[in-house]
Amino acid sequence: MRLSDLATGEAVAVRSDHTRVQVPRGTAPVGLRLAAAAVDLALVALPLTVGALIVHSLRDANGGGVVDRVVFGGFAIAVATAVHVWNHGFGQGRRGASTGKAWLGLIARGPDGRPLGVRNSLLVATPRQVVRRITAVDEGFTEVVVDLTPARLRLRRAVGVLALLIVLAVLLLASVAVGSRPLAFGEIWHGLLPPYDANPTEADLIVRDLRMPRTLLGLVTGIALGLAGGLIQGHTRNPLADPGILGVSAGAACAVVVAIMFLDVTSAGGYIWFALAGALIASSVVFGLSTIGGGNPSPVSLVLGGAAVAAFLSAITSAVVLLDQATLDAYRFWVVGSVSGRGIEVLTPLLPFFAVGIVLAVANGPGLNVLSLGEEVARSLGTNIALNRILGITAITLLAGAATAACGPIAFIGLAVPHVARAFTGPDYRWLLPCSALIGAVMLITCDIIGRVAARPGELQVGIVLALVGAPFFIALVRRRKLVTL
């Protein structure tokens, strides 16, 4: 192309490969702007549409209640609002491009040619100009670079923790309110708050004996799996690691099928000790294999030892369930992972294991920060690497083993939660581990609530819902943020 070919007001830009490209001037074509607006509108409309369908399915004729409709309607509005703020506020305000504009190569900028900012971007009345990205870049547009000073980082972490606590509190109430038997607000409060009558109503029994234990089990299990996920990714320095890499799930599953086949154990309460023992033995074997030769367990030796032990135990499990049809029938309901049908009698005996695991995990945070600098640096700073590894592996074993014993194998939380937490806490494990615990609880309880209404009058197990909802979310997260190098 020659310079004489350009129209008035146009210019050329030189690419890095020394070719030239024509730079258009002025506002982007109407068609491109409408297409970008349609994409952004679809992002907000999607959760609202899904919420409207769920609310419609929960009408009185289908056995739904007012509380169910309020919970899911409010949840849909909250998700749509969050998506709008994230897309139009932070995406367009700081980078100049919402999702739709990014797909179509457009930039929204203020009259001065600079980014709009989060607040102005959300205000419809703010004057703005939408141009092609190449035009904006050629005219000096630059994205807002967030200056993460220590004070701003602490503020962002504190705000994140506070927001997670509020969301978790709302979800705990929703978990008590939503179920196959619709309850009114008055019945829920009467069942939750003392004094407790000597002759409780049917609604009181549902709240106290069914939904409260289930909610507490989901809370504790989500915290445990989130913590275990953060720890295992830190100790193996592998962003794709989850607690199952230590053979915890495989050991628990193998012990459960052996108990079903040879001891006729068929209840959720009967599985827990076998599952816990299997998880502890498997992780101990993995740790022992990683220390063969007298050295400290390294991230590579832990991963390789865990893969070998998990493969061996999975082969035994498959052989047992293929030999006996009754064992297969009982095992397949346990292996999907669920908090349904597990009462307080399942949670209570496991509470000491959860408590010790949480204490060890929190104590291991500062050590993980030093280990993340590399073993040589950590050793030069006087850190006892072996002690930190033992502390972390013990915490992972207790947390993941107890969670698997209580609910069966629940994958995905330990894998995805640390990446979500790392988005606003950074790599500091003193903040990453508590936030992973809160996000794990939020994710598990949310999926449990969704599973209760997705297949009414039956239920979907939380492990299935986590896979269906979580996998697309994790793919989107990976596409938007490069996985960190640990």
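Helices here are DSSP runs of H or I at least four residues long, numbered from the N terminus. The model behind these close-ups is predicted.

View A. Arginine 379 and glutamate 376 sit 3 residues apart in α15 (residues 375-380), so about one helical turn separates them. They form a salt bridge whose closest N and O atoms are 3.5 Å apart. Arginine 379 comes out as partly exposed at 41% relative accessibility, while glutamate 376 counts as exposed at 61%.

**View B. Glutamate 139 paired with arginine 109.** This salt bridge, one of 8 in the structure, brings the closest N and O atoms to 2.8 Å. Glutamate 139 is in the loop between α5 (133-138) and α6 (150-177), and arginine 109 is in strand β3 (residues 106-109), so the pair ties together parts 30 residues apart in sequence. Glutamate 139 is partly exposed, with 39% relative accessibility; arginine 109 is buried, at 8% relative accessible area.

**View C. Aspartate 448 and arginine 214, a buried pair.** Here the closest N and O atoms of the salt bridge are 2.7 Å apart. Aspartate 448 belongs to helix α18 (residues 429-454) and arginine 214 to helix α8 (residues 202-236), so the bridge links parts that are 234 residues apart in sequence.

**View D. Helix α14 against helix α16.** The axes of α14 (residues 351-371) and α16 (residues 385-407) come within 8 Å and cross at roughly 145°. It's a left-handed crossing. Contact residues include Phe353, Phe354 and Leu360 of α14, plus Leu391, Leu398 and Leu399 of α16. By type, the contact splits into 15 nonpolar, 6 polar and 1 charged.

Notes: Residues are numbered from 1 along each chain as its sequence is written. This is a predicted model: local features need pLDDT of at least 70, side-chain atom pairs count only at pLDDT 80 or more; totals for chains, interfaces and linings use all residues. Side-chain values use heavy atoms; hydrogens and water are left out. Axes are lines fitted to C-alpha atoms, for helices over the stretch in contact, and angles run from 0 to 180 degrees between N-to-C directions. Helices (H or I, at least four residues) and strands (E, at least two) are DSSP runs, numbered from the N terminus. A crossing is left-handed if the near helix is turned anticlockwise from the far one by less than a right angle, and right-handed if clockwise. Contact means heavy atoms within 4.5 Å. Ala, Val, Leu, Ile, Met, Phe, Trp, Tyr, Cys and Pro count as nonpolar, Asp, Glu, Lys and Arg as charged, and the others, Gly among them, as polar. A salt bridge is a side-chain nitrogen of Lys or Arg within 4 Å of a carboxyl oxygen of Asp or Glu. Buried means under 20% relative accessible area, exposed over 50%, partly exposed in between (1.4 Å probe, protein chains only).
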